[in-house]
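Have a look at it first, then read on.

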Amino acid sequence: MKEKPKAAFYWCSTCGGCEESVVDLAEKILDVVAAIDIVFWPVALDFKLEDVESLKDKEIAVCFINGAIRTSEDVHVSKLLRQKSQLIVAYGSCSHLGGIPGLANFWNKESIFQKVYKEAPTIQDETPILPQEETEINGLTLTLPKFFNTVRRLDEVIDVDYYIPGCAPNPDLLLEAVQLILSGNLPPKGSILSPNRNMCEDCPLERKEEKIQLQSFFRPFEIIPEPGRCLLEQGIICLGPVTRVGCGALCMKVSMPCRGCYGPTDGVQDMGTKFASALASIVDIDDDQQFMKLIASIPNYSGLVYMFSLPSSYFKRKNMEAVKNE
Amino acid sequence: MAESIRIGVYICHCGINIAGVIDVKQVVDHAKTLPNVVVSKDLVFTCSSVGQNTIIEDIKNEGINRVVVAACSPRMHEGTFRNAVEKAGLNPYLFEMANIREHSSWVHPDDPEGATEKAKTLVRMAVAKARLLEPIEKSTAEVTKKVLVIGGGIAGLQASLDAAERGLSVTLVEKLPVLGGKAALIGDLVYSEKKGWQIAKELIEKVVTHENIRVLTRTTVQNVSGAFGDYRVSFVTEPRYIKETCMHPEKGEEVCPVEVPNEYDFGLTQRKAFFKPFEGAYPPTYVIDMSACTKCGLCLDSCGKETIDLDAKPLEFSEEFGTIIVAAGYKPYVPTTGEYGFGNDTRIITLSQLERIMSENGPSFEDIGLSNPLENIIFISCVGSMEESDNTDARTYCSRMCCSSSIKNMLKLRELFPSSNIYFLYRDIRTYARREEHLYEQASKSGIIFLKYEASNPPEVSINGKPSVKVLDTLVGKRIQILADLVVLANGMMPPSDILKLRSLLKFPCSPDGWVAEAHPKLRPVELPSPGVYIAGSIQAPKDIIESIISASAATAKAVVPIIHGRVELEPLVSYVNEDICGACGICVSTCPYDAVSRVVLQDGRRVARVNPRLCMGCGQCASACPSAAMQQKSFTDEQIHEMIEQLVV
């Protein structure tokens, strides 16, 4: 019997949603398992890192890595998998763009630890302890991975062949990717395995006016949108125009605005600045003061437009003097 | 096969303009180090024929296929160099300019080293862009051989006549029921044996009998679409409601019970809803003002039911035109109630109203209840003009015709009432035009008293039986009080009330004071930024009759050129859509100031945005606004701009 191609799944700093999306293949996962041999999948199968280390270089045909690069462990395992794999697919927003963990780039290690281990309302410890990379207990040394100041995308630490976008990705994209890879009919390296088209194409909501002219913005809870009508046109900031298709416009189907987890189309280098110029183009206010008021009505612009892509933006992170070169 | 890129870089000294600050040799040497640069030279004046020939020779002999000139602003010489490049047989859009004069040597004269470094960066960026330049083909489109003139005042009439005389077909639309504009309401003019209404009448006669001109009164422009050379304009014509079969319309006027202020007398008199605008008006027919008519039906009874149709419907139609001349005129400033006592006493009137009284076809002093003869007559200048205010929309401008018009009328009043005392309370006397200074001299000699006031201390008008005017004469430093039989407020000119509508239809900008901003105040004074659209007369700024007629002839001279050429060259650096990426979010549609982008449905049912290259002016707003990089502008693609930024930050 011909040996099946080997595949691996790994999670770096992630929420686990991407793993869920693999499971979301439901019975189709049997087709995947029938076609490939899974050699490493920490969330589901009991393999150890040693098992990967014992493989020959490039023995794994394809490895799907989700999650952002937050710790030294993420870097270590990613590099190992790169060495052992023919193809690396960055799976999901975090490895593709930096994702939600990337929003931590508005802070650094020190301020995050301060908040999480000292100031959080659930901390009751009188003398709180911060995580240490090395701890001595009973003459033994326990180690933890290093926590970086800055969250990075996967392709900032290893060479990535393909990307599957989404938070979490549409399981169909995974299935298509597996079939594509098995077929050997590979797209150019660096391709994002979801059509290079603008989200508005897939959106079921309809535009009423030929031109969008906004005088105010609303957060989704502030108004009840007219059903079936374009949200942006109603003043709800929707990132659909700056986002790539692939999800099937899930959020808009339930009248929630797009938050851009699939990232932009090819050629757009920075979602936030691109969306700023788009948004400014549809604001119909001449008065400077009124305009500034409108801008102030968006509570956290950077957090909104870089919800999934801060580490991929021009600025990558908020500049802090305390951040040292890593 | 991809051609190999061979870039020629030329650094201009611009005499000492650039070389006086920037070390040109250093910039030349820097350019030599850049990829694909095969020639790097400095030239004393690159725009000279010697400079241009150097480029042409290098293209021919060195196989240069991209050209970068680092010199002045592209606004200055981009065209010059594109032509030179084209002469050498290269596509003119394989040329890129770096502005190291305005952007470096001129602004950093105290920092030669910094200026040199900046020049190097600008050259590096231009070379990076040049590497990605693509040839662009120019295209042309056919021109509809018809001119539209909006406005039937003297400027519109003159423009129509000039275009028609050149053999072109002209449509003249006027929103009012009469032609001739404000000039038709004026009698004597400064230094003209012909009166205002006579000049208007002569022009009107020539226009309405001209075989090439179609005149439509009571007609307004509703919409303008299409593009330069082929503007599609839709109109609405309001009916006159009185048919030509009505033999005695004066009976209808007589029985009409509705009276409203007569706008043709600037509110001095009343008119009926069923009315004839003024004596000598053309067309000389009666009309019903439907905004005032109560449809009581009395006119039907006296004129005959079959001759009047109060339910006549407006006529809507559309037509194509090659070019458009806008001659929508001005409106006189109307003082607010109480401003210099205006509205509080019939003896306080505006200069526009006085012009009607002095005109043969207007009311007399007796008609408006003023005693005859008048003894003390006071003119106050700059009412509604020359405002001293920080408000951006203040009328800070001089209305230019009020000084001469006031003095002209003072001299006439002096003839009518030889024993009267006439005072001119003025801020500056601006009898600026040819022959007008003489008029001022004549007025001084005839005993008219000139009292100068300051804007900060304007005359005060109160009513004490008669209007009483107090003023501080700043020349003698004395406070003077005069009881007047007539106070004339020399009201200025304002942009016409429909300027905002025209502005949105024809996409032209206005200055903060509200007047139309021409394409360039000196180089293109009668053109608007939208190609094929021109301005004539006082819609541009306060003008007298002579200036209006000159500008009308100038605008027509420009407006007929594209039609005589027959084809227009289209803007080559237009935007275009990558339809594979576009999802028709419509941000570009919303932001395009020229309505050049629209959403279309493809054969497969997909919606995408599409640019009409005839309408696109190449402003690039859509390309920068497009959130998915589907919209690109030729010669300013994202890729090219990103490449330039990369070079800026290395």
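## Two helices side by side

In chain B, residues Ile154(B), Ala155(B), Gln158(B), Ala159(B), Asp162(B) and Ala163(B) of α6(B) meet Ile545(B), Ser548(B), Ile549(B), Ser551(B), Ala552(B), Ser553(B), Ala555(B), Thr556(B), Ala559(B) and Val560(B) of α14(B). Sorted by type, the residues of this contact are 10 nonpolar, five polar and one charged. Here, "in contact" means that C-beta atoms, placed from the backbone, lie within 7 Å. Ala, Val, Leu, Ile, Met, Phe, Trp, Tyr, Cys and Pro count as nonpolar, Asp, Glu, Lys and Arg as charged, and the others, Gly among them, as polar.

Helix α6 covers residues 154-165 of chain B and helix α14 covers residues 545-565; their axes come within 8 Å and cross at roughly 35°. The crossing of α6(B) and α14(B) is right-handed (the near helix is turned clockwise from the far one by less than a right angle). Axes are lines fitted to C-alpha atoms, for helices over the stretch in contact, and angles run from 0 to 180 degrees between N-to-C directions.

## Where the model comes from

This is a predicted model, in which local features need pLDDT of at least 70 and side-chain atom pairs count only at pLDDT 80 or more, while totals for chains, interfaces and linings use all residues. Residues are numbered from 1 along each chain as its sequence is written, and chains are lettered from A and ligands numbered from 1 in the order in which they are written.

Chain B has an open, parallel sheet of five strands in the order β8-β7-β6-β16-β27. At its edges are β8 (213-216) and β27 (533-535) of chain B, each pairing on one side only. From one strand to the next, the twist averages 20°. Strands pair if DSSP finds at least two bridges between them; helices (H or I, at least four residues) and strands (E, at least two) are DSSP runs, numbered from the N terminus.

How many bridges link β7(B) and β8(B)? There are four, in the parallel sense, and β7 spans residues 169-173 of chain B. Leu172(B) stands opposite Val215(B) in β8(B). Our two helices turn up again here: α14(B) packs on the sheet, touching β6, β16 and β27 of chain B, and its direction makes about 170° with that of β16(B). Meanwhile, α6(B) lies across β6 (146-150), β7, β8 and β16 (323-326) of chain B, at about 170° to β7(B).

## The nonpolar core

The largest nonpolar core has 209 residues, and Ile325(B), Val326(B), Ala327(B) and Val487(B) touch the most other members. Such a core is a set of buried Ala, Val, Leu, Ile, Met, Phe, Trp, Tyr and Cys residues joined through C-beta atoms within 7 Å. Buried means 20 or more other C-beta atoms within 10 Å of a residue's own, these atoms being placed from the backbone. Not counting residues up to four places away in sequence, Ile325(B) touches residues including Val147(B), Ala159(B) and Ala555(B). A second, separate core has 46 residues, Cys14(B) and Val69(B) among them.

## Zooming out

Chain B holds 17 helices and 32 strands. Of its 650 residues, 47% are buried. As for its neighbour, 25 residues of chain A are in contact with 21 residues of chain B.

Definitions and conventions
Buried ≥ 20, exposed ≤ 12 C-beta atoms within 10 Å, placed from the backbone.
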